[in-house]
Amino acid sequence: MSDSWVQSLISAIAAVVAVVQPAAPLPPEGGQPPAQVRKAGDWVGSWATAVTEADKTGLSATGVANATLRQVTHLSVGGSSVRVRLSNRFGTRPLVVGRTTVVPRKTMPAATPNVEILQVLPITFRGKGAVTIPVGAEVMSDPLALPVAEDSDLVVSTYFPTATGPLTQHPAGYATAFSAYGEQTAGGGPQYRKVPGMARFVVSEVDVRGTARGALVLFGDSITDGAATPMDKNLRYPDQLADLLILRGVGALNAGIAGNRLLANAGNSGEAAIGRFERDVVRRTGVQGVVVLEGINDIRLTRGAISATQVIAAHRQLIARAHAAGLKAYGATLTPYWASPQYTVGGEIARQAVNHWIRTSGEYEGVVDFEAAVRDPKQPLRIMPGYDSGDHLHPNAAGFSAMARSFDLNLVG
């Protein structure tokens, strides 16, 4: 990169930034109560995933019948009781759940379905083991007195007695799911087989009741989702940040969806961020704040059709919605994508302008400078080679570690 080219880029960024003026705050959305001051013993989210519509092929498309799905959720904070949220948000028919069980697991690897059968416990929904979830709805289980440790696994097994139709899912869970024929929610594991792919199904949240002070939602796209991390290792940046947030008594909830955009619905890459924000952030249990890392897909996939001004306007909407709900909002700078297939000079100008606004506008309560954490000091437009997964867009596990370490824990108290 020549000095003259870089200087031209800087001048172009300055021209974009000059026209981005501070916006008047949006009025609060009606019916959204402010977050309350938390106290010990309140419920708080310990694990979550953002759900999408089914794929066109595979298990999410076909659904299951007379089968049990077993999935591993990796908790952040621990507690003395748990409850589980199941989702039929994108189902096409009422979802009949015959039985659901949970069991903590510490010693067995996440890539196997094996559990200690004597520790398996059923959960109920309004006192009953079975529940039917209407189309577009979610249900939260009754509380279950079950001690769970921080940074531990909770295995959730769900039996579907009748044909489900397409299943609400999270496509890129980077975790192995398992299935078994019939009602096997209390089975030890040999009955199960791996489900092809890396998706999660129906289970969307695990809450705990304990000493945690609240939860932080990590809201974003594939970089938050954990693209390019190894299966079942929990090395996404939200996982590695969760290990640090535990020191402050704060849960970490991953609301990333690979391919997600701020301004466009994208099928199994999720509804537009401005459309899903309330469900995936505001409604999460015990949430106190949100880190927003969104916009790079709008910039790169449209090859300049979406401007920095449009991306910033969408961020302002998210800030206003967070504030209306009494939440703190933290802006994360967009990481480099030079040399990736969709890179353009116009997109780079937009990315830099958005980052300048995040750092300098003061509209977010705090800045999480992920760009600074992973960029190459010798060539700042690219990800540092040691942090690059190989596609020049997504950091690898070491890059995610650098991102997690760059988070100022003082932001959460």
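Strands here are DSSP runs of E at least two residues long, numbered from the N terminus. With that settled, I opened this predicted model and started my notes.

**Entry 1: Ser 204**

I looked up Ser 204 and found it in strand β15. Is Ser 204 buried or exposed? I read a relative accessibility of 1% for Ser 204, so it counts as buried. Leaving aside residues up to four places away in sequence, I listed what Ser 204 touches: Trp 47, Ala 48, Thr 49, Val 51, Arg 85, Ser 87, Glu 138 and Arg 284.

**Entry 2: Arg 85 and Glu 205**

I found a salt bridge between the side chains of Arg 85 and Glu 205, at 2.9 Å from N to O. How many residues apart in sequence are the parts that this pair ties together? Arg 85 sits in strand β3 (residues 79-87) and Glu 205 in strand β15 (residues 203-209), so the parts joined are 120 residues apart in sequence. I checked burial too: Arg 85 and Glu 205 are both buried.

**Entry 3: Glu 271 and its partners**

I moved on to Arg 89, which forms a salt bridge with Glu 271, with 2.9 Å between the closest N and O atoms. This pair links distant parts of the chain, 182 residues apart. Arg 89 belongs to the loop between β3 and β4 (95-97), while Glu 271 belongs to the loop between β17 (250-256) and α5 (273-282). Arg 89 has a relative accessible area of 26%, which makes it partly exposed.

Glu 271 also forms a salt bridge with Arg 279, where the closest N and O atoms are 2.8 Å apart. I noted Arg 279 as buried, because its relative accessibility is 11% and the cut-off for buried is under 20%.

Which residues are linked in the network of salt bridges? I wrote down Arg 85, Arg 89, Glu 138, Glu 205, Glu 271, Arg 276, Arg 279, Asp 280, Arg 284 and Glu 294. For the whole structure, I have 20 salt bridges in my count.

**Entry 4: Helix α5**

Since Arg 279 had come up, I turned to α5. Eight of the ten residues of α5 are buried, so the rest of the structure largely encloses this helix. The buried ones are Ala 273, Ile 274, Arg 276, Phe 277, Arg 279, Asp 280, Val 281 and Val 282. What do the buried residues of α5 pack against? I found β8 (138-140), β16 (214-220), β17, β18 (287-293) and α7 on that list.

**Entry 5: α7 against α8**

I then looked at α7 (residues 308-324) with α8 (residues 345-360): their axes come within 9 Å and cross at roughly 35°. The crossing of α7 past α8 is right-handed. On the α7 side, I noted Ala 308, Val 311, Ile 312, His 315, Arg 316 and Ile 319 in the contact. On the α8 side, I noted Ala 350, Ala 353, Val 354, Trp 357 and Ile 358. Sorted by class, the contact has nine nonpolar residues, one polar and one charged.

**Entry 6: Aromatic pairs**

I found four aromatic pairs in the structure. In one of them, Tyr 237 and Phe 370 have ring centres 4.9 Å apart and planes at 65°, so I recorded the pair as edge-to-face. Tyr 237 is in helix α4 (residues 237-245) and Phe 370 in helix α9 (residues 370-374), so the pair ties together parts 133 residues apart in sequence. Tyr 237 and Phe 370 are both buried.

Another pair is Tyr 337 with Tyr 343, whose ring centres are 5.0 Å apart and whose planes are at 55°, so this one is tilted. Tyr 337 is buried at 0% relative accessible area, and Tyr 343 is buried at 17%.

**Entry 7: Positive phi**

Most residues other than glycine have a negative phi. I therefore made a note of Val 202, a non-glycine with a positive phi of about 70°, because at 2% relative accessibility it also counts as buried. Val 202 is in the loop between β14 (200-201) and β15.

Asp 151 also has a positive phi, near 55°. I found Asp 151 in the loop between β9 (144-148) and β10 (153-160), and with 39% relative accessibility it counts as partly exposed.

Note on methods. Residues are numbered from 1 along each chain as its sequence is written. This is a predicted model: local features need pLDDT of at least 70, side-chain atom pairs count only at pLDDT 80 or more; totals for chains, interfaces and linings use all residues. Side-chain values use heavy atoms; hydrogens and water are left out. Axes are lines fitted to C-alpha atoms, for helices over the stretch in contact, and angles run from 0 to 180 degrees between N-to-C directions. Helices (H or I, at least four residues) and strands (E, at least two) are DSSP runs, numbered from the N terminus. A crossing is left-handed if the near helix is turned anticlockwise from the far one by less than a right angle, and right-handed if clockwise. Contact means heavy atoms within 4.5 Å. Ala, Val, Leu, Ile, Met, Phe, Trp, Tyr, Cys and Pro count as nonpolar, Asp, Glu, Lys and Arg as charged, and the others, Gly among them, as polar. A salt bridge is a side-chain nitrogen of Lys or Arg within 4 Å of a carboxyl oxygen of Asp or Glu. Buried means under 20% relative accessible area, exposed over 50%, partly exposed in between (1.4 Å probe, protein chains only). Rings of Phe, Tyr and Trp (its six-membered ring) pair if their centres lie within 6.5 Å; planes under 30 degrees apart count as stacked, over 60 as edge-to-face and the rest as tilted.
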